[in-house]
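Here's a walk through one protein model, written for someone who would rather look at residues than at tables. Have the viewer open as you read.

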Amino acid sequence: MQLYLFISLSLFFTYGHSKTDISLGYQLTVAVPIEYSLGFIGRAFLMETNEITQTFKTALSVEAVNDKYSCSLEVCLGDVKVWNSGHYSKFYTSNMCVLQLTQDGDLRLKGPKDRVGWRTGTSGQGVKRLQILRTGNLVLLDGLGNIKWQSFNFPTDVMLWGQRLSVASRLISFPTNSTSYYSLEIEQSRIALYLNSGKWNYSYWEFKPTKNRNIAYVQLGRKGLELFNDKLKKIAQIHPSDHQTVQFGQPLRFLALGNRTGNLKLYFYSPSIAKFDVAFQALNTTCDLPLACKPYGICTLSSACSCIQVLIAENETSRSGNSDCSQGISGGFCGNGKTKAEMLELKGVGSVLRGAPKIVNVSKEACANLCLEDCNCTSALYSTAKGGMEVEECFLYGMVIGVKQVERGSGLSYMVKVRKGAHGGHGKSNLKRWVLVLVGVVDGLIIHLVFGGLGYYLIKKRRKHTLPNGHNN
C-alpha cells in the first residue's frame with residue numbers, strides 16, 4: 001500500500017488517518033518544499049488511538065530546521081509532541097520524505113534514491129505490524145503480539161504515563177542556539193538534572209529517597225513520579241505541588257524536560273482551560289535555572305541579569321558595548337602564548353551548579369591559586385559555611401554559568417578568572433569594592449526607578465489639587 005502526500009508551501013499542514021496500526025508493505029510519501037520557508041511544519045497523520053479526548057497520533061513530519069528540511073516519525077498527544085525519531089540525530093532530506101514498513105519487518109525513513117536516514121533494524125525478526133498503543137508507545141509486533149521494537153526504549157525529552165526509565169537511562173533536551181544541553185539522569189542514589197557542555201557536566205537539582213535506599217527504575221504514575229527498588233517496591237514519589245489533579249480528577253499524563261529552561265515539569269490535562277497544565281515543577285525561582293543568564297552573567301535578587309562587566313583595557317574599549325558578557329575578560333588561558341590571568345572576586349555570589357571538584361580546608365587565596373594553575377578552570381566558589389564549625393570548601397568550575405546573587409552572610413565568595421589587568425584596578429580591596437557595586441547595580445536601578453516613579457506620581461497628584469492662588473483645595 002502506498003500513499004503520496006504533496007504539501008504546498010505553507011507554515012503548517014496536516015493530513016490524517018484514524019486507524020491504530022499498519023501492516024507490512026505500507027509506504028507513505030510526503031513531498032518536501034523546493035524553497036526553504038522558516039517555521040514550516042508539515043505532518044501526515046497515519047495512526048491514532050481510540051480515545052474520546054487528547055488522543056495519541058503518529059505522524060510523518062517534515063520541518064524547517066537550520067535552513068534545511070528534516071524528515072522524522074513523531075508521536076503527538078493532542079498538540080504536544082512527545083516522541084520524535086530525529087531527536088538526537090536529524091535526517092535532512094530534499095524532494096521527499098518517505099516512511100516504509102518493509103516486507104521483512106524493518107521500519108525506515110528514506111529520502112531520494114532510496115537513501116535510508118533512520119531505521120528500527122528489525123529485519124528478519126517476524127514483525128507483522130506497526131501499532132500505536134493507548135499509552136503512546138509506538139511498537140512493532142510479531143504475529144503473536146510480542147514487542148520487537150518500541151519507542152519507550154528510546155526516550156527523548158518526554159516521559160509518558162506508564163513509561164519506565166531504568167538506572168543509567170536519561171532524558172535529554174537541547175536549548176535553541178546553544179552548544180549545551182540538559183539531561184534528567186536516573187542514578188542509583190538519586191534522580192538529577194544536569195547541564196552538559198563539552199566535557200563539563202554539573203547537576204543543578206536532585207531528588208533522593210530517604211534512608212539511602214537505591215533506585216532500580218522510575219515510572220510516571222497517575223499521581224506522581226514513582227521510584228522503585230530492585231524488588232519492584234516503591235521507595236519514594238515526587239508528588240504534584242498542589243491539588244489541581246485531585247480537584248479535577250485528572251491523572252498525570254507526561255513529564256517533560258524543557259528545552260528552554262531545563263526545568264522538570266509534570267503535566268495533567270485541565271478541562272477548565274482545555275489544555276495541559278503544570279502540576280509540579282522542580283525549580284520555582286528563575287535564578288535557580290542554570291541558563292537564566294548568559295555566560296559571565298549574574299542573576300540578581302530581583303531575577304534580573306547583569307554582566308560581570310570589567311573595566312577592560314584601553315585598546316579594547318571600542319568593543320565594550322558588545323552584548324557578550326565575556327567580551328574582553330575571558331579566553332586564551334590554555335595552549336601556546338596563553339594569556340596571563342588573575343581572579344576577580346564577587347562576594348555574596350554563588351552558583352546553582354553542583355558536582356564540581358571540591359577541595360576542603362584551604363584558604364581563599366589557595367582556592368584562587370588552584371584555579372589559576374589549571375588552565376581549564378574558569379571560576380571558583382569558596383565557601384565558609386558554618387554548621388557548628390567553620391568548614392572551608394573550594395569548588396572549581398570549567399565554565400562561568402549558573403551564577404546568582406545570594407543573601408549577605410551566606411559565606412560564599414565567587415571568583416572568576418579574567419585576563420590580568422582587565423579590571424583596570426591596582427589592589428585587591430579596590431577590586432572587591434567595584435565588583436560589589438556591580439552586582440547590586442541592577443537591583444539598585446530598579447529601586448531607584450520605583451521610588452522615582454512614586455515621587456513623580458505624588459508631585460503630579462499634589463499639583464492637581466492646588467488652587468491658582470496657591471492655597472490647597
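## Ground rules

Two strands count as paired if DSSP finds at least two bridges between them. The strands themselves (E, at least two residues) and the helices (H or I, at least four) are DSSP runs, numbered from the N terminus. As for burial, buried means under 20% relative accessible area, exposed means over 50%, and partly exposed is in between, using a 1.4 Å probe and protein chains only.

Bear in mind that this is a predicted model, where local features need pLDDT of at least 70 and side-chain atom pairs count only at pLDDT 80 or more, while totals for chains, interfaces and linings use all residues. Residues are numbered from 1 along each chain as its sequence is written, and side-chain values use heavy atoms, with hydrogens and water left out.

## β7 and its partners

Start with β6 (56-65) and β7 (68-77). These two strands pair antiparallel over ten bridges, and V62 has C71 in β7 as its bridge partner. Nine of the ten residues of β7 are buried, so the strand is largely enclosed by the rest of the structure. β7 is also joined to β8 by four bridges, again antiparallel, with V75 partnered by W83 in β8. Strand β9 (residues 92-93) runs antiparallel to β7 too, joined by two bridges, and Y69 finds its bridge partner there in T93.

Now for the turns. The hairpin of β6 and β7 has two residues between the strands, and N66 takes a positive phi near 50° there. At 58% relative accessibility, N66 counts as exposed. V65, in strand β6, has 14% relative accessibility and so counts as buried. The C-alpha atom of V65 is 9.4 Å from that of Y36, 29 residues apart along the chain. In the hairpin of β7 and β8, which also has two residues between the strands, G78 takes a positive phi near 65°.

## The largest pocket

How big is the largest pocket? Its volume is about 1,000 Å³. A pocket here is worked out on a 1 Å grid over the protein atoms alone, as an open set of points where a 1.4 Å probe fits, with protein on both sides within 12 Å along at least five of seven lines; lining residues have an atom within 4 Å of a point. Grid points are joined across faces, edges and corners, and the volume is the space filled by probe spheres set on the points.

Of the 41 lining residues, K81, D157, F174, T176 and N259 are the closest to the pocket's centre. The lining divides into 18 nonpolar, 15 polar and eight charged residues, where nonpolar means Ala, Val, Leu, Ile, Met, Phe, Trp, Tyr, Cys and Pro, charged means Asp, Glu, Lys and Arg, and the others, Gly among them, are polar. β6, β7, β8 (80-84), β25 (252-257) and β26 (264-270) each supply at least two lining residues. Domain 1 (21-149) and domain 2 (159-284) each contribute at least three; those bounds come from an automatic or database domain assignment.

## Two fully buried strands

In strand β4 (residues 27-31), five of the five residues are buried, so the strand is largely enclosed by the rest of the structure. Q27, T29 and A31 point one way, with L28 and V30 pointing the other. β4 is joined to strand β10 (residues 96-101) by five antiparallel bridges, and T29 stands opposite V98 in β10.

Strand β34 (residues 393-397) is mostly covered as well, with five of its five residues buried. E393, F395 and Y397 point one way from β34, and C394 and L396 the other. Strand β32 (residues 358-360) pairs antiparallel with β34 over three bridges, and I359 has C394 as its bridge partner. Strand β33 (residues 379-383) is joined to β34 by five antiparallel bridges, with L381 partnered by F395.

## One face of a helix

Helix α2 (residues 364-373) has K364, C367, A368 and C371 as its buried residues. Seen down the axis of α2, they fall within an arc of 95°, so they line one face of the helix. The arc is that of the directions from the helix axis to the C-beta atoms.
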